[in-house]
Amino acid sequence: MGLERPDPQIIVIFGASGDLTKRKAIPALYNLFRENLLPSNFAVVGFARTPMNREEFRSTMREAVSQHSRSGIAERYWGPFKEHLDYFSGSYSDPSGWIEFRKYLEEVDVDFGTEGRRLYYCATPPSAFPEIIHCIGEMDMAEESRIVVEKPFGYDLGTAHDLNSVVHGVFKEHQIFRIDHYLGKETVQNILVFRFSNGMFEPIWNRSYVESVQIDVTESVGMEGRGSFYEGAGAIRDIVQNHMLQLLATLAMEPPALFDAESIRNEKVKLLRSVRQIDPVETVKGQYTLGVVDGRAVPGYLEEPGVPPGSMTETYAAMKVSIDNWRWAGVPVFLRTGKRMPRRETTITVYFHGAPHLLFEASGLERPRRNHLTIRVQPDEGITLTFGAKVPGPDMKIAPVDMDFDYDESFMSAPAEAYERLILDAMLGDATLFTRADEIERSWQIVEKILPKSPPEPYPAGTWGPAAADELVAPDNWHLRH
């Protein structure tokens with residue numbers, strides 16, 4: 001993070017009694033405060049339906065910071081920080097409550113010197129977004145303000161378009177920050193630096209040298225009590241439409257003219273417009289059944305609380321993606337995501353074409369493995385380049401070796417949490433790591449044909465998904481990375 005500090009402002013968190021506020025938003029703000037990255041004059045005001053007074057809210061948030069802050073909790077920081085926290089209990093649909101809330105914020109402006117600036121953070125279920133945005137507009141509270149809207153931004157192309165219309169009716173595009181926490185991860189940001197500051201990779205970053213790409217977002221966990229939420233989403237809506245397409249756009253876009261928000265987002269949108277709509281024939285959907293993960297038995301998806309009998313919601317999706325542009329034409333991109341997989345990881349693997357003349361194989365030696373570059377987004381953030389080397393000894397044997405960069409070892413510190421960077425950027429008005437309206441809608445267009453529910457292939461929990469996924473890549477003489 002840079003050392004730039006935002007202007008004085010109030011951070012209003014709608015849904016302040018919810019899990020997202022406790023696990024992400026307040027711990028992120030606390031860590032920013034510890035690192036002296038918040039303005040001297042700021043206030044954090046929670047707004048939710050749950051009855052709670054100021055001291056109860058502060059006590060609840062202290063427990064949340066203690067559990068979820070990467071830096072732990074220290075009284076010398078928590079004591080001053082909590083003095084900036086307050087809470088307002090009310091209904092999002094009560095006009096008289098909003099009148100009272102507006103008056104209350106004006107009083108906070110005077111008390112904390114925040115000069116009328118607001119950052120509204122919608123940490124609520126998506127169903128509440130339109131109501132909150134409408135009331136902000138009705139109360140004339142959008143001027144000098146910005147709004148952060150959590151994912152999912154819409155349920156499909158039509159609802160995303162409608163939600164864009166709602167938010168554009170109150171806020172201008174430069175005031176809107178559609179959050180995808182993957183873009184706040186240091187390793188995702190580092191893809192831009194890796195690509196555009198190192199001249200050694202740009203000449204080979206194209207179809208002439210890249211054979212294929214695989215992007216994985218896998219989790220070992222199941223529903224964790226969120227079965228009813230997941231039932232309305234599924235793997236494609238929850239992961240593919242946002243996280244995975246954002247990773248692909250960042251990896252494959254053309255170099256921007258400038259390193260600023262609009263230049264970067266323009267290139268990402270151009271890339272997404274080149275991505276062909278995903279074909280259901282080139283997609284495999286799966287649903288985990290009972291199995292074993294990390295040595296313990298776990299239930300299948302249909303046995304999870306909140307999941308109806310006979311559900312066809314996919315917990316796994318693998319698909320082949322094609323990019324129809326000059327740089328990437330003919331390079332298959334395989335996306336895979338799933339719950340209850342053998343391990344949790346988010347990785348991007350770029351496989352390069354083999355050597356043009358296999359002199360080793362012609363001499364009766366084993367074919368060397370393909371060179372590949374692996375970007376580890378989480379966990380164990382870093383980058384690995386794998387190439388062949390001779391095994392010591394009298395025989396000519398070739399084995400893959402790794403040239404590895406690890407964040408922890410190289411910089412002697414763990415990367416900051418994504419929400420810290422994203423909330424700070426929203427306070428600063430920097431939209432580089434946030435998605436634009438046309439970007440969101442194009443992402444929904446890409447997955448539109450594979451959204452309808454269809455019978456998923458069963459796969460035991462603790463495995464890498466249905467066997468049909470390997471058949472998906474067989475025509476390319478390829479295999480999914482395990």
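A: In this predicted model, let's start with Gln-9 and its contacts beyond four places in sequence: Asn-41, Phe-42, Ala-43, Thr-114, Arg-117, Leu-119 and Met-427. Gln-9 itself belongs to strand S1, which covers residues 9-14. Its relative accessible area is 3%, so Gln-9 counts as buried, the cut-off being under 20%.

Two of those partners, Thr-114 and Arg-117, bring us to Glu-115, which sits in the loop between helix H4 (95-112) and S4. Glu-115 has a positive phi of about 60°, although it is not a glycine. With 53% relative accessibility, Glu-115 is classed as exposed, because the limit for that is over 50%. Now follow the chain to Ala-128, in the loop between strand S4 (118-122) and helix H5 (129-138). Ala-128 is 13 residues from Glu-115 along the chain, and their C-alpha atoms are 27 Å apart. Ala-128 counts as buried, at 8% relative accessibility.

Another positive phi in a residue other than glycine, near 55°, belongs to Arg-340. Arg-340 lies in the loop between strand S12 (333-338) and strand S13 (345-352). At 8% relative accessibility, Arg-340 is buried.

Loops also hold two cis peptide bonds worth a look. One joins Lys-151 and Pro-152, with omega about 0°, and Pro-152 is placed in the loop between strand S5 (145-149) and helix H6 (157-168). The other runs from Gln-378 to Pro-379, with omega near -20°; Pro-379 is in the loop between strand S14 (372-378) and strand S15 (382-390).

H9 is mostly covered, with 18 of its 18 residues buried. A kink of about 30° in H9 is centred on Leu-245.

Helix H7 (residues 186-196) is one partner of helix H9 (residues 235-252): their axes come within 9 Å and cross at roughly 15°. Angles under 35 degrees count as roughly parallel, so H7 and H9 are roughly parallel to each other. Their crossing is right-handed. On the H7 side the contact is made by Val-188, Ile-191, Leu-192 and Arg-195, and on the H9 side by Leu-247, Thr-250, Leu-251 and Ala-252. By class, this contact of H7 with H9 has six nonpolar, one polar and one charged residues.

Helix H14 (residues 437-447) is another partner, packing with H9 at an angle of about 120°, with the axes 10 Å apart. H9 and H14 are therefore oblique to each other, and their crossing is right-handed. H9 contributes Ile-236, Arg-237, Val-240, Gln-241, Leu-245 and Gln-246 to this contact, while H14 contributes Glu-439, Ile-440, Ser-443, Trp-444, Ile-446 and Val-447. By class, seven nonpolar, three polar and two charged residues make up the contact of H9 with H14.

Key. Residues numbered from 1 in each chain as written. Predicted model: local features only at pLDDT ≥ 70, side-chain atom pairs only at ≥ 80, totals over all residues. Heavy atoms only, no water. Axes fitted to C-alpha atoms, helices over the stretch in contact; angles between N-to-C directions. Helix = DSSP H or I, 4+ residues; strand = E, 2+ residues; numbered from the N terminus. Parallel < 35°, antiparallel > 145°, perpendicular 65-115°, else oblique. Left-handed = near helix turned anticlockwise from the far one by under 90°. Contact = heavy atoms within 4.5 Å. Nonpolar A, V, L, I, M, F, W, Y, C, P; charged D, E, K, R; others polar. Bend = angle between axes of the 7 residues up to and from the residue. Buried < 20%, exposed > 50% of the residue type's maximum accessible area, 1.4 Å probe, protein only.
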